Amino acid sequence: MYATGDYRVRTTGGTVNFGVPFSELDRVYFGVGIEDTNVETDSSSPNLYQEYVKDYGNEPSGVGTAKTLAFPFTVAWQRDSRDSALVPTRGRFQKANLELSTFGSLKYYRATYQHQYFLPMFSNAVTLALNGEANYGRGIGSKPYPIFKNYYAGGIGSVRGFESGSLGSKKDQYGDSMGGASRLIASAELQFGFPGSGQDRTLRWFTFFDAGNVFADDERMKINDLRYSVGLGISWISPIGPLKLSFGRPLNAKTDDKKQAFQFQIGTGF
């Protein structure tokens with residue numbers, strides 16, 4: 001459950017997942033779950049959440065409660081040929097995932113494909129790391145895609161130099177991003193060993209170029225609408241998990257974009 005002052009989304013349920021090794025590098029995953037979701041709004045709630053209550057709660061004013069039940073089925077494929085899961089210097093990582101809900105009152109699908117590539121350069125002194133991800137979601141039947149399943153972009157893990165989760169053309173009346181049903185993300189890093197660390201790869205500094213954005217349910221994904229940024233940072237595989245500190249500079253920010261130069265995150269890899 002999470003709340004943001006003027007609306008509330010509460011989801012209860014569970015999921016059962018299992019994976020099957022297909023080869024030395026490949027694994028297939030299957031899962032099935034149940035999600036009971038309540039969305040509550042009032043007169044000050046973001047417009048898109050009021051629209052959701054109109055669509056799923058049969059509340060003409062958009063103020064009230066929408067209750068939905070979904071039975072999402074997931075299937076995924078993963079191939080991992082990296083030399084290390086924490087500090088890779090060569091190899092690839094690929095993952096495709098489909099989440100589909102056709103039973104219950106909430107019907108939708110979400111598809112994701114991610115591809116990472118690592119290449120050692122200059123006698124292994126530098127690692128070129130590339131990451132690309134595409135996400136796409138749509139509603140099934142006459143109902144729109146559920147807003148609480150939206151993707152977000154901005155910040156570490158997507159487009160650094162912009163505030164976390166702030167990108168996208170759909171804003172509420174308070175200027176906050178509502179995310180989007182689809183997303184494109186691309187990143188390139190040059191990773192260097194930290195001076196004085198020798199062969200220890202757990203502490204590195206890097207330069208980066210990021211691109212990405214999210215797109216609403218009624219928008220087409222357009223390359224011209226992507227946001228771009230460049231910068232540098234430090235990553236450390238600490239005893240409590242991966243830590244990342246970055247300084248980013250947007251290259252094509254629009255007037256309503258929210259920028260944030262310094263960003264810090266715990267528990268993220270690439």
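Buried here means under 20% relative accessible area, exposed means over 50%, and partly exposed is anything in between, using a 1.4 Å probe and protein chains only. This is a predicted model, where local features need pLDDT of at least 70 and side-chain atom pairs count only at pLDDT 80 or more, while totals for chains, interfaces and linings use all residues. Residues are numbered from 1 along each chain as its sequence is written, and side-chain values use heavy atoms, with hydrogens and water left out.

**View 1. Asp210 sits in strand E10, residues 203–215.** Helices (H or I, at least four residues) and strands (E, at least two) are DSSP runs, numbered from the N terminus. With a relative accessible area of 0%, Asp210 is buried. Contact means heavy atoms within 4.5 Å. Skipping residues up to four places away in sequence, Asp210 touches Ser158, Val159, Arg160, Ala186, Ser187, Arg227, Tyr228 and Ser229. Gly161 is 49 residues from Asp210 in sequence, and their C-alpha atoms are 9.1 Å apart in space.

**View 2. Ser182 belongs to strand E9, residues 182–193.** Its relative accessibility is 0%, so Ser182 counts as buried. What does Ser182 contact once neighbours within four places in sequence are set aside? The list is Asn135, Tyr136, Tyr151, Asn213, Val214, Phe215 and Met221.

**View 3. Tyr108 is part of strand E7.** Tyr108 is another residue that counts as buried, because its relative accessibility is 0%. Not counting residues up to four places away in sequence, its contacts include Glu35, Glu99, Arg138, Tyr145 and Lys149. Tyr108 and Tyr145 are 37 residues apart along the chain, with their C-alpha atoms separated by 6.2 Å.

**View 4. Glu35, Glu99, Arg110 and Lys149 are linked in a network of salt bridges.** A salt bridge is a side-chain nitrogen of Lys or Arg within 4 Å of a carboxyl oxygen of Asp or Glu. Side chains of opposite charge can pair when their charged atoms come close. How far apart are the closest N and O atoms of Glu35 and Lys149? They are 3.1 Å apart. Glu35 lies in strand E3 (residues 26–41) and Lys149 in the loop between strand E8 (126–139) and E9, so this pair ties together parts 114 residues apart in sequence. Both partners count as buried: Glu35 at 18% relative accessibility, Lys149 at 10%.

**View 5. Lys258 pairs with Asp176 in a salt bridge, the closest N and O atoms being 2.9 Å apart.** Lys258 lies in the loop between strand E12 (241–250) and strand E13 (262–266), and Asp176 in the loop between E8 and E9, so the pair ties together parts that are 82 residues apart in sequence. Lys258 is partly exposed, with a relative accessible area of 28%, and Asp176 is partly exposed too, at 35%. For another pair, look at Asp80 and Arg82, where the closest N and O atoms of the salt bridge are 2.9 Å apart. Asp80 is partly exposed at 23% relative accessible area. The structure holds 15 salt bridges.

**View 6. Helix H1 (residues 47–57) has Tyr49, Gln50, Tyr52, Val53 and Tyr56 buried.** Those residues cover an arc of only 155° around the axis, which puts them on the same side of H1. That arc is taken from the directions from the helix axis to the C-beta atoms. An α-helix has 3.6 residues a turn, so residues three or four places apart point the same way.

**View 7. Asn58 and Asn124 have positive phi values.** Most residues other than glycine have a negative phi. Asn58 follows H1, in the loop between H1 and strand E4 (65–70), and its phi is near 55°. Asn58 is exposed, with a relative accessible area of 65%. Asn124 has a phi of about 70° and sits in the loop between strand E7 (108–121) and E8. At 49% relative accessibility, Asn124 counts as partly exposed.
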